[in-house]
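Hi,

Here is the structure I promised to send over. Have a look through it when you get a moment, and then read on for my notes on its charged pairs.

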Amino acid sequence: MFLVLFALLLWALAWWVNVRIANGPAAGTRAARLGVPAIFGLTLLVMWELVVRGLGVPLVILPPPSLIAERFAGSLPILWADFMQTVVKGALSGYAIGCLAAFGTAILVDRSDFLRRGLMPVGSFVAALPIVGTAPILVMWYGFDWQSKAAVVVVMVFFPMLVNITAGLQETSAMQRDQMKTWAASYWQGFWKLRLPAAMPFIFNGLKISSTLALIGAIVAEFFGSPIVGMGFRISTSVGQLALDMVWAEIAVAAIAGSAFYGVVAFIERKVTFWHPSQRG
């Protein structure tokens with residue numbers, strides 16, 4: 001129980017340090033904004049290690065972070081191959097196809113009241129379908145390689161993107177659109193100069209939501225059929241072998257990849273929508 005008591009003391013100390021940083025004179029600095037979550041995350045990892053070892057938790061239930069890190073370092077070639085198969089081939093390709101298809105469809109919906117009234121309710125229905133129901137069907141249609149995983153990702157990201165882009169294109173007021181018409185602007189001139197810039201916060205909101213959906217969809221789709229490579233395949237087989245350290249190593253790869261993907265999209269958003277109130281300060 002000594003390790004458990006030490007973990008509790010460490011938690012109290014880290015909490016005190018974070019409160020002092022968050023409420024101190026340097027709270028608004030970049031170092032403080034990065035330091036608070038970094039201290040919190042490291043404290044959780046150390047507490048995880050101490051509590052698991054102090055209570056003697058079996059490895060098949062919850063391995064300590066040190067064992068997961070050891071397995072991670074010893075399985076880099078396997079983890080890299082799984083990353084390329086799931087994230088690069090499956091998630092990123094499906095993400096790009098789904099977002100581009102949603103963008104083109106949103107323009108058609110914007111120009112056709114018939115499509116707006118007919119397609120959007122269908123989109124809400126399809127977006128509500130569970131992935132565990134659609135993934136096996138798409139795997140049977142497109143095979144067991146990465147193409148079926150990309151198809152699942154396309155289905156998952158298409159309608160969230162479509163809804164956000166369509167809402168963003170309606171963000172401008174009627175007065176602004178009428179002003180463009182008084183300047184004899186065509187539809188495409190008004191689209192590129194007025195409506196698309198105004199829709200950018202909505203578009204990036206959809207891109208950020210879809211970045212997490214893409215990775216989840218690609219991993220879950222591999223549970224229903226995959227070649228002998230891929231993060232979902234490795235997780236399912238490792239669970240069957242009770243190799244929980246490998247499962248957590250794959251989860252760590254997914255967490256790093258997902259955070260980096262989301263961070264890249266958020267970084268581009270700050271550069272593109274610097275004028276928006278949400279990006280100021």
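To start with a question: does Glu 269 count as buried or exposed? Glu 269 is buried, with a relative accessibility of 7%. Please keep in mind that this is a predicted model.

The partner of Glu 269 is Lys 208, and their side chains form a salt bridge with an N to O distance of 2.9 Å. Because Glu 269 sits in helix H11 and Lys 208 in helix H9 (residues 187–221), this pair ties together parts that are 61 residues apart in sequence. Lys 208 is buried too, at 17% relative accessible area, which falls under the 20% cut-off.

Asp 245 belongs to helix H11 (residues 244–272) and Arg 71 to helix H3 (residues 65–74), so here the parts tied together are 174 residues apart in sequence. Asp 245 is buried at 15% relative accessible area, whereas Arg 71 is partly exposed at 30%.

One more pair to look at is Arg 234 with Asp 82, a salt bridge of 2.9 Å from N to O. It links distant parts of the chain, with Arg 234 in helix H10 (residues 231–240) and Asp 82 in helix H4 (residues 76–111), 152 residues apart. Asp 82 is buried at 0% relative accessibility, and Arg 234 is buried at 17%.

In total, the count comes to 5 salt bridges, and the pairs above are among them.

Best wishes

Notes
Residues are numbered from 1 along each chain as its sequence is written. This is a predicted model: local features need pLDDT of at least 70, side-chain atom pairs count only at pLDDT 80 or more; totals for chains, interfaces and linings use all residues. Side-chain values use heavy atoms; hydrogens and water are left out. A salt bridge is a side-chain nitrogen of Lys or Arg within 4 Å of a carboxyl oxygen of Asp or Glu. Helices (H or I, at least four residues) and strands (E, at least two) are DSSP runs, numbered from the N terminus. Buried means under 20% relative accessible area, exposed over 50%, partly exposed in between (1.4 Å probe, protein chains only).
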